[in-house]
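Hi,

Here is the structure I promised to pass on. Have a look, and then read on for what turned up.

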Amino acid sequence: MSGGGGPSLMDSLFQRTLDDLIKGIRLHLPGAAQSSFISKSLDEIRREIKSTDSQTKATALQKLTYLHSLHGIDMSWAAFHAVELTSSPSFLHKKTGYLAASLSFRPSMDVLLLLTNQLRKDLSSTNQHEVSLALECLSVICTPDFARDLTPDIFTLLSGKNFIRKKAIACLLMVFSQYPDAVRVCFKRLVDNLESADNAQTLAATVGVFCELASKEPRSYLPLAPEFYRILVDSRNNWVLIKVLKIFAHLAKLEPRLAKKVVEPICDHMKRSEAKSLVFECVRAIVSSFYEFEFAVKLAVAKIREFLLDSDLNLRYLGLQGLLLVAPNHLWAVLENKEVVIKSLSDVDRNIKLEALRLVMSMVSDDNVVEICRVLIGYALKSDPEFCNEILRSMLSTCSRNVYEIVIDFDWYVSLLAEMARIPHCQNGEEIEFQLIDIGMRVKDVRPELVRAGRDLLIDPALLGNPFIHRILSAAAWVSGEYVKFSRNPFEIMEALLQPRTNLLPPSIRSVYIHSTFKVLSFCLHSFLLPGKGVNSSRSNFVDIEPGFTYSESEQEFTETDHATSSSGFNKRDTFTQEAVVNMLTLVITSLTPLAESHDVEIQERVRNVLGLAQLAQQEISCNHDQKEKMVDKVDLKTSIIIRLINDALSEDFGPVSLSAQERVPVPNGLVLEENLSKLDSICADVQLSISESFSLVKPILLPTDGDSVSNQQNEEDSETSPAESMSLLAEHRKRHGLFYLPSDHNKNASSSFPPANDPNQRDNDVEDLVKLTDESLVLKRKPGSNRPRPVVVKLDEGERLPITVKKTDENDDLISGAVRDVLLGNEASLHSSNPSGRRKGESHSKDKVENFETGNSSKRRSKHRNHGKYVEDKEENSEKSKKKSGGRHKARRRADGGIDVAVQKQVIPDFLL
Amino acid sequence: MIRAMIVINNQGKPRLSKFYNYTPVEQQQQLIRSIYSVLCLQPENVSNFLEGSSILGPDSRLVYKLFATLYFVFVFDSSENELAMFDLIQVYVETLEKCFSNVCELDIVLNYSKMHTILDEMILGGQVVETNSEKVMQAVEEISKLEKVTAATKLISKSASLLWG
């Protein structure tokens with residue numbers, strides 16, 4: 001109509017309103033039609049917004065704001081128009097401009113600078129709704145510049161009309177966080193508002209601001225405790241009380257005498273109040289901050305019980321939450337309610353189920369962990385996949401907490417891990433993998449059971465089809481290879497490792513399988529070729545070669561091995577017949593030969609290692625087969641020599657490695673580590689991660705110097721070619737960096753003095769329900785004198801799995817609390833002059849203060865109440881109070897000053913309270 | 001503090017969204033989508049609270065209430081009381097009810113800026129500033145009057161300019 005020129009009158013006459021736009025969007029189906037409609041409308045808006053007619057402009061901006069907020073359309077290009085409209089004399093246009101600004105402005109926009117003057121003008125407007133607009137906008141888009149420039153204007157509003165005052169107070173929070181120096185100007189006025197009992201909303205906003213401030217740095221607000229106490233006792237507004245309770249929950253942790261004083265009124269509220277929100281807040285405060293007061297906790301737990309038995313799901317959920325808060329200090333409360341907790345595990349509500357699960361886990365101790373886990377596994381089987389994994393996850397994390405602190409019977413725990421692997425929905429493969437290997441390395445006594453559990457997993461072909469448990473199978477394969485000496489039937493493990501369905505595994509895990517094959521093979525050959533010879537004798541050959549190497553631990557280990565094997569009825573001589581070994585060699589060669597051409601280097605390399613050994617052995621052993629008279633010379637075969645070397649290399653035990661081990665290696669002189677390598681930081685981060693993950697593949701012996709899993713390969717080759725050399729290197733390394741190795745000597749000696757892991761006294765009653773958990777489980781802490789045997793768990797000194805993260809505090813928070821402290825402690829020199837309070841009032845007023853405080857205590861205010869919702873029975877202070885307003889305010893001001901002065905003499909505060 | 005107030009319909013379309021900390025609009029949309037994806041899976045007869053840390057970051061909770069076709073959602077942190085927030089939804093809806101008598105989704109769709117006006121009277125900078133729906137209504141009515149006055153004068157001046165322009 002208007003052609004390509006500027007916006008014309010016709011445009012503004014037939015402009016689409018926001019309603020038209022919304023209806024238009026609704027008419028078009030979501031998708032292409034709608035988005036083309038929106039982009040058409042955007043074109044219109046772009047044209048209209050340039051109009052000189054402010055009505056047209058405002059409507060365009062209104063539409064744009066709508067599209068921005070609900071359809072995610074960019075409107076940063078229209079920022080200037082929004083600023084322009086805020087200065088419109090028309091309230092509607094001004095409001096449109098401010099809404100656009102508060103919904104779309106970024107703190108980094110240049111155009112913000114243009115808004116400062118308009119905000120100042122509107123903050124001092126006589127129209128309270130214009131002031132509201134400015135405050136609302138400021139509370140969202142406040143920048144340090146705005147805060148600095150507008151602090152004086154906001155300061156004025158802090159003592160204005162209630163309607164504005166409460167908004168200005170709420171806005172202060174943002175101002176403080178952007179410009180901490182504003183605290184010096186506004187803080188006293190803010191404190192004054194704690195006395196505004198005449199208007200509940202103003203008080204609520206004030207207390208709300210203090211609640212936010214105190215949650216960040218409570219200590220600075222301790223001097224205000226008398227004020228808060230008075231509100232706690234006097235106020236009957238639930239919104240106010242909730243916030244005050246939150247403040248006291250923060251403060252009480254710092255000042256135990258304060259807790260003593262405050263706990264009574266809190267209990268009164270808890271007993272008296274009908275409002276569930278307030279009751280719950282009291283409960284929360286008591287159980288999280290006042291848990292030393294027996295009577296209060298009892299009362300709180302009784303209230304929690306009411307919540308738990310309520311038909312309202314929200315209350316039941318909160319009841320469980322409350323219980324979870326009590327648990328760390330008063331576990332009896334949880335045990336008292338365990339029926340409800342257990343029942344909640346099968347609730348339809350996921351939230352309730354999760355809370356219940358957390359509670360159940362909080363009940364776990366070393367006495368009942370077996371029963372609780374059994375019940376939970378039962379629940380896991382019945383639950384939906386998501387919750388099932390939640391259960392498994394919490395079991396895994398609880399049991400492994402603090403290096404398996406609560407696990408006493410590791411045989412049981414290993415079988416539990418294996419059982420988890422068989423749960424159809426199990427998706428915690430990674431964690432289970434980690435724990436299986438970790439336990440293997442840490443707990444010597446459990447290795448036979450570990451191998452048995454691993455075997456059961458490996459021989460089940462069905463498990464290979466489930467990608468979620470591939471990681472667990474990887475651990476099972478590693479364990480079976482590493483600890484093959486505990487196996488009853490190594491041939492069976494070999495078959496399991498080579499079964500055809502292993503082609504379903506990803507290459508990384510398959511290479512673990514193949515490497516385990518190598519270990520099993522060398523073990524079998526060793527047992528076959530050198531049956532009579534104890535490993536000790538073969539070892540002794542090497543003693544003269546490497547005099548620096550200590551054998552004490554290895555020898556001991558091997559005697560243990562013999563013990564284990566003979567006790568399990570495993571007779572090497574019967575098992576390792578010529579025929580069995582030849583068959584095994586054939587199996588290895590036929591199954592692995594196709595893989596020698598694998599595209600995966602890792603697989604290919606490992607396969608070739610295995611094949612090299614197997615083919616050599618096959619040749620010589622089948623030769624032998626023909627000439628039986630030469631059997632006696634088995635020991636002199638080339639294979640025997642190699643096998644002996646390999647076995648020696650493999651028999652070195654793994655131990656857990658501290659995450660920081662590598663970092664503790666001293667930097668050799670003359671080596672500049674950071675030179676030109678700073679850019680590698682990101683890569684190094686990856687490498688470090690892989691160290692912890694590649695536990696299963698890496699010999700710890702090499703870890704401190706070389707964290708890459710490829711080193712394993714090298715290790716093997718080295719040991720095949722020049723074992724003596726590598727051994728001596730290892731020995732030397734061990735000597736030099738002894739401190740990075742676990743004090744294994746010590747541990748091993750200790751372990752031999754311990755009885756076996758299997759505890760014959762372990763209760764094995766078939767309590768199906770956790771509800772019936774006997775009262776013995778009430779014994780929460782493990783008794784130090786308990787004679788229950790527990791296998792040695794190798795522990796490192798420092799945290800191994802998680803690097804410690806340092807909590808960073810917001811710099812601004814520090815600045816705020818610094819400023820608050822300055823104000824409260826009376827460094828008022830720089831204070832805004834409009835506050836009449838002087839320091840000279842000091843002493844005399846603190847006496848005033850005492851009196852006022854006392855009267856405040858005793859006089860309960862009557863007020864008319866009004867019901868709002870279900871939970872907060874909001875009790876408005878009646879306006880009849882406002883008669884006393886002016887006088888009261890004056891007095892209040894003085895009292896507040898008293899409070900501040902009191903703060904100056906730190907000693908005095910507690911006197912009022914205690 | 002209250003971090004956000006969102007109204008979404010049961011199809012996942014946002015009807016109102018207000019974030020009290022600066023949040024880029026793309027992120028807002030993303031958050032609304034992920035909140036909806038959790039809400040729409042909630043079965044009936046469950047509690048109205050959701051642990052929000054997985055979608056909304058640490059120390060965040062969420063309370064929602066479904067009225068007919070609309071979810072009213074508050075996102076807040078540990079400085080607020082869950083049940084009080086639940087009541088705040090009630091107050092907000094009560095006020096809408098007073099505004100539109102028999103409020104339905106269409107009222108809410110078509111009165112976008114009024115929804116904001118009501119909300120701004122109740123919450124400012126993430127702090128609750130009014131919980132009495134009567135008082136909220138009173139303020140909202142005053143504001144509407146102010147808006148109408150200016151709109152009317154505009155209309156007059158516009159038609160005048162039409163006549164003479």
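A quick definition before the details: partly exposed covers whatever falls between buried, under 20% relative accessible area, and exposed, over 50%. Also bear in mind that this is a predicted model.

With those cut-offs, A:G465 comes out as partly exposed because its relative accessible area is 43%. You'll find A:G465 in the loop that joins α26 (447–458) to α27 (470–482) of chain A. Leaving aside residues up to four places away in sequence, A:G465 touches A:R501 and A:L504.

Another loop residue, A:E195, sits between α11 (182–192) and α12 (200–216) of chain A. This one is buried, since its relative accessibility is 9%. The side chain of A:E195 has a polar contact, at 3.4 Å, with the side chain of A:R230.

Then there's helix α17 of chain A (residues 294–309). Its 16 residues should span 22 Å at 1.5 Å a residue, and the end C-alpha atoms are 23 Å apart, so the two agree. Buried in α17(A) are A:A296, A:V297, A:A300, A:V301, A:K303, A:I304, A:F307 and A:L308. They cover an arc of only 160° around the axis, so they lie on the same side of α17(A). Exposed A:K298 and A:L309 are on the face turned away from that buried side. As for what covers the buried residues, the list includes α15 (256–272), α16 (276–289), α18 (313–326), α19 (331–336) and α20 (338–344) of chain A.

Cheers

Note on methods
Residues are numbered from 1 along each chain as its sequence is written. Chains are lettered from A and ligands numbered from 1 in the order in which they are written. This is a predicted model: local features need pLDDT of at least 70, side-chain atom pairs count only at pLDDT 80 or more; totals for chains, interfaces and linings use all residues. Side-chain values use heavy atoms; hydrogens and water are left out. Helices (H or I, at least four residues) and strands (E, at least two) are DSSP runs, numbered from the N terminus. Buried means under 20% relative accessible area, exposed over 50%, partly exposed in between (1.4 Å probe, protein chains only). A polar contact is a pair of N or O atoms within 3.5 Å; within protein, one must be able to donate a hydrogen and the other to accept it, and residues adjacent in sequence count only if both atoms are side-chain atoms. The expected span of a helix is 1.5 Å times one less than its number of residues. The arc is that of the directions from the helix axis to the C-beta atoms. Contact means heavy atoms within 4.5 Å.
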